[in-house]
Each structure stands twice: as C-alpha cells, then as structure tokens.
Amino acid sequence: MEILMSDFFQRALAGGLLIGITAPLIGLFLVLRRLSMIGDTLSHVTIAGVALGFLIEVYPIAVGLVFAVLASFAIEKLRKAYKTYAELSIAIIMSGGVALASLFFTLGKGYNTDVMSYLFGSIYTLDSTDLKLVGVVTLIVVIVVALLHKEFFLLSFEEDAAAVTGLPVKLLNMLITVMTALVISTAIKIVGALLVSALLTIPVAVSLLMARSFKSAIILSVVIGEIAVVIGLVVAGIWNLAPGATIVLLLIMMLILTMIGKKGFRA
C-alpha cells in the first residue's frame, strides 16, 4: 500500500489514465481504416528520435515526437503515391525507423540502457515534464475527436463518399495520422515502443465485440483501456512486475474472456 500512495506511483497512474483515454480514441479510427500496424511503425521511428535525443543531449521525448510527426507526413505522402498498395508506406517508414534507431544506438553506446526503458516502458520514472506533455496531447486529441468524430467516422468507412460530400479528406487523413504520432511518442515511456500498438488496438478489438453503435464503441474502448491501466499498474506495483507488459497481458485476457463470453451467449 505504501507503493500505491507514493509520488512516483501517483504520477504513473496519472500518465497511464491519460494515455488510456487517447490511445483507444485514436486506435478506433486506425482499426476501422485498417491501419492497425501504423502504431508499430511510428513507435519505431519515435525510438530513433529518442536515441538521437540522448545523443545530442536534448529532451528525448520531444525529439521522438518530432520524428513521429515527420514520419506521419511521410506515411500520408507514400499512401497517396501507392494508393493500391497503401500498406507499403507503413513498411517503408518502419524500415527507415529501425535503421535510424540501430545507427543511433551504435553511435551512442553509453546511453543504450536509457533507451531500453523507452523500448519496454518505464512508467514509474515519469516526471512533471512528461505529465505536462501527455496532458497537452490528451487535451488536443479529445477536443479534435469531440469536434470531428462524425467526419472521422465517414472517412474511416468510406473515404470516397467523404470526398464527394465535400469533406477535406487530405486534411482529415493527415490530422488522424499526426494525432497518432503525438499519442505514440508520448506513450512509449509508459508502455514501451514494443507494446504501444497493443494499447491502440486491443481495447478497440474488445469494444467492437460488445458495441452496438459507433458511439458506444468509442466509450467502451476508452473504459476498457482505463480499466486495464488501473488494474495493471496496481498489480505491477504490488507484485513488482513490468507495468507495460502487465497492462497489455490484461488487455489480451479481457479480449479472450469477451470472445468466450460472446460465444457462450450465442450458444
């Protein structure tokens, strides 16, 4: 109980709750647009930025955020260049991100341990600067989704119809991708670059099994993400487990139980 009441745990809980809102919110639109793997791509690019941040002694998450946003622009450009093979953009940018990360790891062997915390998550080391950044990103994402959720809904299901109705399709696509970059770059210190895509997609996967409407899918995905974050952090704090891995495994368990429950209900 002393751990749960400590300052570092309270900061971890606050950061986790904020990411538990933004990741499923953005993840729903990514899943509906069949771009689930973009999370892995941008997380690898963010790690390259973090590594460069350590190398040039600049706030690592800020550099990672810049890298992720630039990568999001590149993905959209490549998606337009390869309309029939849009997934190529994800593969190309991921390859570049991994290559840059490997290069910066080689150049800065002394900080490899620090970068590893971003690969697997280090939520208990969040400081006030990290929390402020996560808070700003959360505010941006919530406001944009609240204002444009209908437009994003139409864009996710039928992009051509959205263009015919006069919606600024290019701008909306870019907005979703940039917000994804913002969420991922701020989430990697919480759950880690290797697990961040799970927080984007698994709550959505669970909600889609239960929801009867788009609005209920949004609400359920956020609620599921928050439950996993709170329980995962408490369990990890009490039993001294890896927080990011615990959260993701809880999400997978929730998905399995939901699938079993739905199958039993139908039977």
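These legends describe close-up views of one predicted model.

Residue numbers start at 1 along each chain as its sequence is written, and side-chain values use heavy atoms, with hydrogens and water left out. In this predicted model, local features need pLDDT of at least 70 and side-chain atom pairs count only at pLDDT 80 or more, while totals for chains, interfaces and linings use all residues.

**View 1. A nonpolar surface patch with residues from helices H3 and H5.** Leu55, Ile56, Val58, Leu100, Leu103 and Leu107 make a nonpolar patch of about 500 Å². Patch members have over 30% relative accessible area and no salt bridge; nonpolar side chains (Val, Leu, Ile, Met, Phe, Trp, Tyr) are joined within 5 Å, and like charges within 9 Å. Areas come from the Shrake-Rupley method with a 1.4 Å probe; for residues, only the protein chains shown count as cover. Helix H3 (38–56) and helix H5 (87–107) each supply at least two residues. Helices are DSSP runs of H or I, at least four residues long, and strands are runs of E, at least two long; both are numbered from the N terminus. H5 gives the most, with three residues. Leu100 sits in H5. Its relative accessible area is 35%, so Leu100 is partly exposed. Here buried means under 20% relative accessible area, exposed means over 50%, and partly exposed lies in between (1.4 Å probe, protein chains only).

**View 2. Helix H10 and its buried residues.** H10 spans residues 196–210. Eleven of its 15 residues are buried, so the helix is largely enclosed by the rest of the structure. Among them are Val196, Leu199, Ile202, Pro203 and Val206. The unreviewed UniProt entry annotates residues 190–211 as one of its "transmembrane region" spans. UniProt positions follow the numbering used here, feature names are shortened, and annotations may be inferred rather than shown by experiment. In the model, residues 190–211 are 77% helix and 0% strand, with end C-alpha atoms 27 Å apart. Residues 44–73 are also annotated in that UniProt entry. That span is 90% helix and 0% strand, and its end C-alpha atoms are 15 Å apart.

**View 3. Pro24 and its contacts.** Pro24 belongs to helix H2. At 0% relative accessibility, Pro24 counts as buried. Contact means heavy atoms within 4.5 Å. Leaving out residues up to four places away in sequence, Pro24 touches Ile19, Leu199, Leu200, Pro203, Val204, Ser221, Val222 and Gly225. The C-alpha atoms of Pro24 and Ile202 are separated by 8.3 Å, although these residues are 178 apart along the chain.

**View 4. Aromatic pairs and a cluster in the model.** The structure holds seven aromatic pairs. Phe8 and Tyr124 form one that is edge-to-face, at 5.5 Å centre to centre and 85° between the planes. The pair links distant parts of the chain: Phe8 lies in helix H2 (residues 7–32), and Tyr124 lies 116 residues away in the loop between helix H6 (112–120) and helix H7 (128–157). Phe8 is partly exposed at 32% relative accessibility. Tyr124 is partly exposed at 22%. The ring centres of Phe54 and Tyr118 are 5.9 Å apart with planes at 70°, so this pair is edge-to-face. Phe54 in H3 and Tyr118 in H6 are 64 residues apart. Phe54 is partly exposed at 23% relative accessibility, whereas Tyr118 is buried at 5%. Rings of Phe, Tyr and Trp (its six-membered ring) pair if their centres lie within 6.5 Å; planes under 30 degrees apart count as stacked, over 60 as edge-to-face and the rest as tilted. Phe29, Phe152, Phe153, Phe157 and Phe214 form one aromatic cluster.

**View 5. Two salt bridges found in the whole structure.** A salt bridge is a side-chain nitrogen of Lys or Arg within 4 Å of a carboxyl oxygen of Asp or Glu. Arg79 and Glu76 meet in one of them, at 3.1 Å from N to O. Both lie in helix H4 (residues 60–81), three residues apart, about one turn of the helix. Arg79 is buried at 13% relative accessibility, and Glu76 is buried at 4%. Asp130 forms a salt bridge with Lys189, with the closest N and O atoms 2.8 Å apart. Asp130 lies in helix H7 and Lys189 in helix H9 (residues 169–191), so the pair ties together parts that are 59 residues apart in sequence. Asp130 is buried at 2% relative accessibility. Lys189 is buried, with a relative accessible area of 9%.
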